[in-house]
2 protein chains.
Amino acid sequence: MTLAINQNPKPMSNIRDVARLADVSVATVSRALSNPEKVSPGSLAKVHAAIAELSYKPNMLARNFRSARAYAVLVMVPDIANPFYSLFIRALEDRAQQKGYAVLLGDTRGTPERELEYIRRVETRLADGIIQLRPSSEKSQNIIPPDVPCVNACGCEFTSGPAIRIDNRKAAKMMVDYLISLGHKRIGVISGLRDNPHAIDRLAGYKDALEEAGIPFDKDLIAEGDFTMWSGLNAAFQFCNMDVKPTAIFSMNDEMAIGAMQTLKSNGFRIPEDISVTGFDDISYAKYSDPSLTTISQPAEEMGKLAMDMLLKMIEGEPLSQRECVLPTEFIIRKSTAPVKK
Amino acid sequence: MTLAINQNPKPMSNIRDVARLADVSVATVSRALSNPEKVSPGSLAKVHAAIAELSYKPNMLARNFRSARAYAVLVMVPDIANPFYSLFIRALEDRAQQKGYAVLLGDTRGTPERELEYIRRVETRLADGIIQLRPSSEKSQNIIPPDVPCVNACGCEFTSGPAIRIDNRKAAKMMVDYLISLGHKRIGVISGLRDNPHAIDRLAGYKDALEEAGIPFDKDLIAEGDFTMWSGLNAAFQFCNMDVKPTAIFSMNDEMAIGAMQTLKSNGFRIPEDISVTGFDDISYAKYSDPSLTTISQPAEEMGKLAMDMLLKMIEGEPLSQRECVLPTEFIIRKSTAPVKK
DNA sequence: AAAACAACTGTAATCGGTTACATTGCGAGT
DNA sequence: ACTCGCAATGTAACCGATTACAGTTGTTTT
């Protein structure tokens with residue numbers, strides 16, 4: 001009876017083994033791989049034969065070390081399980097892969113400690129730069145050292161560094177304009193946390209629309225959530241119990257809108273007959289919610305692509321054509337909105 | 001007027017700079033960082049002072065290169081935007097971070113080419129191992145070379161290597177048992193693609209339950225989807241147009257169930273009064289769908305944690321206590337199921 | 001025929017850590 | 001007094017690639 005120990009006698013070969021077998025120098029092997037046009041056809045063939053023979057795989061760790069580049073970017077995201085972020089990340093990863101970079105995942109769970117750990121990865125050269133998916137307020141943005149290449153792709157304003165974003169204020173105004181055009185005058189808001197940049201911008205848009213239509217702002221119509229379904233579900237209770245109920249609700253993201261619709265329906269409201277509900281982001285569930293949700297679509301794919309391109313330019317020292325890039329949003333009307341009841 | 005060029009004169013310092021400033025050898029600096037107990041308090045203090053003075057950050061690229069370890073694992077996933085996978089990934093990343101490993105994201109979009117590119121990352125040492133989130137059939141599993149550490153965490157059976165999974169067959173049987181106990185006899189299935197391992201296992205469970213209850217299997221009750229909401233929506237039409245309609249539908253995941261409910265409701269079915277619907281996975285939307293979905297919850301957090309632990313053990317050469325780990329599922333009854341109409 | 005040039009190749013230094021091994025100094029055991 | 005053991009430290013080799021520089025051809029120019 002034999003014990004199968006050490007079955008793999010480490011056939012791991014390096015560039016010198018290849019050089020020896022191909023009877024050329026290591027420089028020639030290296031060139032054959034990265035600058036084949038500088039190597040004679042004869043040598044090239046010998047090198048390739050040797051590589052095949054040894055099933056040689058270049059050690060990228062050594063290559064990266066030598067070139068002082070990790071060929072990796074870190075994506076810092078508050079919560080990967082959030083469908084809006086994961087869509088984004090898919091686009092980022094796709095682009096990075098195309099350009100020969102790897103994506104390191106950095107889920108911060110919203111804690112600054114985690115964030116620091118990830119920033120340290122760039123400082124210790126494990127990553128070449130950061131894509132920030134966190135909506136950062138002025139103060140929090142500063143924890144990223146100035147020499148760390150970073151692009152903010154959270155989509156909101158008031159960031160200091162390079163950024164890809166949408167015009168949250170305009171998009172929100174457009175949505176509320178639409179509700180007003182349907183005859184709604186008492187429009188509830190389910191907001192994100194008060195100091196969240198997205199919430200600030202979108203609330204400004206809401207106020208813009210109200211002002212333009214001559215509707216006075218009523219702070220009782222603002223319910224605070226935290227962008228989770230659960231918080232939307234709770235926030236909606238505030239409206240159910242009002243004496244003069246709103247006829248429409250502008251939720252600052254789709255998840256809260258879906259949560260809110262749950263509450264409203266179970267409290268006897270018909271959507272959209274009794275009350276209209278709108279979302280923001282156009283996550284995939286928005287189309288399949290009951291009723292399907294009128295919302296604003298962010299070009300996540302496009303934003304991810306552009307953000308990655310921008311970061312890679314910074315990393316490779318190319319000049320940036322623009323510090324900030326504002327992308328258009330799409331307004332999507334579905335079944336959750338209707339003219340106000342007479 | 002001055003142009004601000006070269007403001008950062010690269011203060012990048014290495015271990016030799018630190019050694020010089022602290023007046024010790026590089027070995028002592030290295031030890032001070034990785035084995036401080038082997039360094040005298042005096043030297044330790046000098047080293048730390050020098051590190052602070054130079055704001056030295058060790059070059060992990062060099063460290064990893066020397067130790068021939070990337071301290072990174074690649075997570076290979078068919079689609080990061082799938083909420084079930086993203087939950088999983090969050091758990092994986094959390095665990096990896098704890099153990100000092102980075103997570104490289106590898107979204108394959110289901111293509112074997114992409115998969116090969118990611119496998120190459122391990123072969124070229126950019127990652128130390130792979131967590132496979134793809135349900136792999138026998139043949140497809142083989143593209144991973146035997147010397148690449150890999151743990152399959154997709155949760156299904158019949159994988160050759162180490163795996164974390166649930167008992168899909170048993171869970172499916174339990175769900176169908178429950179429907180039968182409610183009096184349902186004609187139970188439709190919305191399946192995944194015919195050769196998907198999850199679909200195969202869960203269908204087996206469905207048949208087990210039918211057989212035990214003495215209900216004959218009717219292949220017309222099987223509608224094929226591909227685990228997307230859209231496919232669930234379409235699959236449900238097959239049941240709406242039947243002469244003798246099913247009184248319950250067992251969908252093989254939540255997303256298809258949510259899509260199906262959409263179709264059923266718009267075709268005048270009341271859920272659960274006219275027809276019961278069940279899902280699988282317990283994604284976060286299952287709780288907020290209309291009606292909330294009876295489903296099976298997989299312990300994604302736990303599975304992710306265990307899978308990562310298993311992989312890291314393999315990478316670090318520790319023996320595995322078990323090749324396979326089967327975790328229990330939870331059966332969650334919500335509002336989408338009810339006794340069959342009299 | 002000599003010089004200039006191009007195309008190809010090889011030698012060896014280099015990146016920034018880790019660590020085997022050698023060395024030193026000091027206290028304890030005999 | 002001598003040896004031994006131990007802790008602390010230093011020297012230098014090493015990991016596997018890239019690449020500057022030098023060298024060797026063979027071809028073209030003058």
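1. Chain A and chain B meet through 38 residues of chain A and 37 residues of chain B. Contact here means that the C-beta atoms of two residues, placed from the backbone, lie within 7 Å. The model is predicted: local features need pLDDT of at least 70, side-chain atom pairs count only at pLDDT 80 or more, and totals for chains, interfaces and linings use all residues. Residues are numbered from 1 along each chain as its sequence is written, while chains are lettered from A and ligands numbered from 1 in the order in which they are written.

2. On the chain A side of this contact, two or more residues each come from H4, helix H5 (83-98), strand S2 (102-107), helix H6 (112-123) and helix H11 (254-266). H5(A) gives the most, with 6 residues. Helices (H or I, at least four residues) and strands (E, at least two) are DSSP runs, numbered from the N terminus.

3. The side of chain A that touches chain B has 20 nonpolar, 8 polar and 10 charged residues. Ala, Val, Leu, Ile, Met, Phe, Trp, Tyr, Cys and Pro count as nonpolar, Asp, Glu, Lys and Arg as charged, and the others, Gly among them, as polar.

4. Now DNA strand C. It is surrounded by 27 residues, and the closest are A:Ala27, A:Ser43, B:Ile15, B:Ala27 and B:Ser30. A residue is near a strand if its C-beta atom, placed from the backbone, lies within 6 Å of it. H2(B) gives the most, with 6 residues. The surface divides into 12 nonpolar, 10 polar and 5 charged residues.

5. DNA strand D also has 27 residues around it, with A:Asn14, A:Ile15, A:Ser30, B:Ser25 and B:Ala27 the closest. At least two residues each come from H2 and H4 of chain A, and from H2, helix H3 (41-54) and H4 of chain B. Here H2(A) gives the most, with 6 residues. The surface near DNA strand D holds 12 nonpolar, 10 polar and 5 charged residues.

6. Chain A splits into domain 1 (15-58), domain 2 (69-166 + 299-327) and domain 3 (168-297). The bounds come from an automatic or database domain assignment. In chain A, 8 residues of domain 2 and 10 residues of domain 3 make the contact between these two domains. The domain 2 side of that contact has 6 nonpolar, 1 polar and 1 charged residues. Taken over C-alpha atoms, the centres of domain 2 and domain 3 of chain A are 29 Å apart.
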